[in-house]
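Good morning, and thank you for the time on today's agenda. Please have the sequence and the structure on your screens as I speak.

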Amino acid sequence: MASTQQTVISSPRISRLREFVVAFGNLVETASGEPEILREGSRLLAELVGIDDWLPARYAESSVTGYQQYLLHADSRERFSVVSFVWGPGQKSPIHDHTVWGIVGILRGAEFEQSYARTSDGRFVEQGAPVRLEKGEVTAVSPTIGDFHRVSNALEDLPSISIHVYGANIGALKRSIYEPDGTSKTFISGYSNIEMPNLWDRSRDTSVV
Ligand code: FE
């Protein structure tokens, strides 16, 4: 229901994000390779986005200037990063790549994902129909399984929020956006926030929403 997606959470269970970060750190430490990270990481992310009570409100704010990407956590060795993407009504990304693996889970609302394939002469063609991802669903990208897509908010009147995990400090990577004709532009996305949520104050663990 649209009305529940707008619920303001005043006292988030940030411990859920800490537990996710700890589990994900263990996974990247022990995984045999990308397939295991995508498989087990998707399971962990599905758990995280399965309950919507932990994302602090300031990292859920949309902007009329464009979609927001808030860094929630960066691994100290930059093996992975966790980001909340907030899409205002009607907002969408250009066609873009990632250059590393990425796992995306829908926390609030819904998103359309259109995948693209690159032709031998460098153009981009739609690969299949757009997929509508609903709250709780998880998808993945990477140079090995398909790295080009465009994402948009599926809701016309409400923000949508997805939680992304990438195999690097994604906001610091040099990546590319593309026109369908293959024209490209490199970019480094950075992040929308300058402060990050405090995952580590364990005295707050007993706070209940
Ligand atoms: Fe993407």
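Predicted model: local features only at pLDDT ≥ 70, side-chain atom pairs only at ≥ 80, totals over all residues.

Residues are numbered from 1 along each chain as its sequence is written, and side-chain values use heavy atoms, with hydrogens and water left out.

I begin with the metal. Which residues coordinate the iron ion? They are H96, H98 and H149, each through NE2, at 2.1 Å. Donors here are N, O and S atoms within 2.8 Å of the metal (3.2 Å for Na, K and Ca); water is not among the atoms, so sites may look incomplete. Along the chain, the donors of the iron ion follow the spacing H-x1-H-x50-H. Helices (H or I, at least four residues) and strands (E, at least two) are DSSP runs, numbered from the N terminus. Both H98 and H149 are buried, where buried means under 20% relative accessible area, exposed over 50%, and partly exposed in between (1.4 Å probe, protein chains only).

Is F80 buried or exposed? F80 is buried, with a relative accessible area of 1%, and is found in the loop between β1 (68-74) and β2 (81-87). Leaving aside neighbours within four places in sequence, F80 is in contact (heavy atoms within 4.5 Å) with residues including V21, F24, V28, W101 and Y166.

Now to the charged residues. Side chains of opposite charge can pair when their charged atoms come close. A salt bridge is taken as a side-chain nitrogen of Lys or Arg within 4 Å of a carboxyl oxygen of Asp or Glu; by this rule the count comes to eleven. One of them joins the side chains of E29 and R77, at 3.7 Å, N to O. E29 lies in helix α2 (residues 15-30) and R77 in the loop between β1 and β2, so this pair ties together parts that are 48 residues apart in sequence. R77 is exposed, at 55% relative accessible area.

A second salt bridge, between R43 and E40, has an N to O distance of 2.9 Å. These residues are three apart in helix α3 (residues 34-49), and are therefore separated by about one helical turn. R43 is partly exposed at 43%, as is E40 at 22%.

E195 and R58 also meet in a salt bridge, at 3.5 Å, N to O. That pair links distant parts of the chain, with E195 in the segment after β12 (184-187) and R58 in the loop between α3 and β1, 137 residues apart. Salt bridges that share partners also join E29, D75, R77 and R79 into one network.

Finally, the hairpin. Strand β11 (residues 175-178) and β12 run antiparallel and are joined by four bridges; two strands pair if DSSP finds at least two bridges between them. S176 stands opposite T186 in β12. Five residues lie between the two strands of this hairpin, and G182 in the turn has a positive phi of about 100°.
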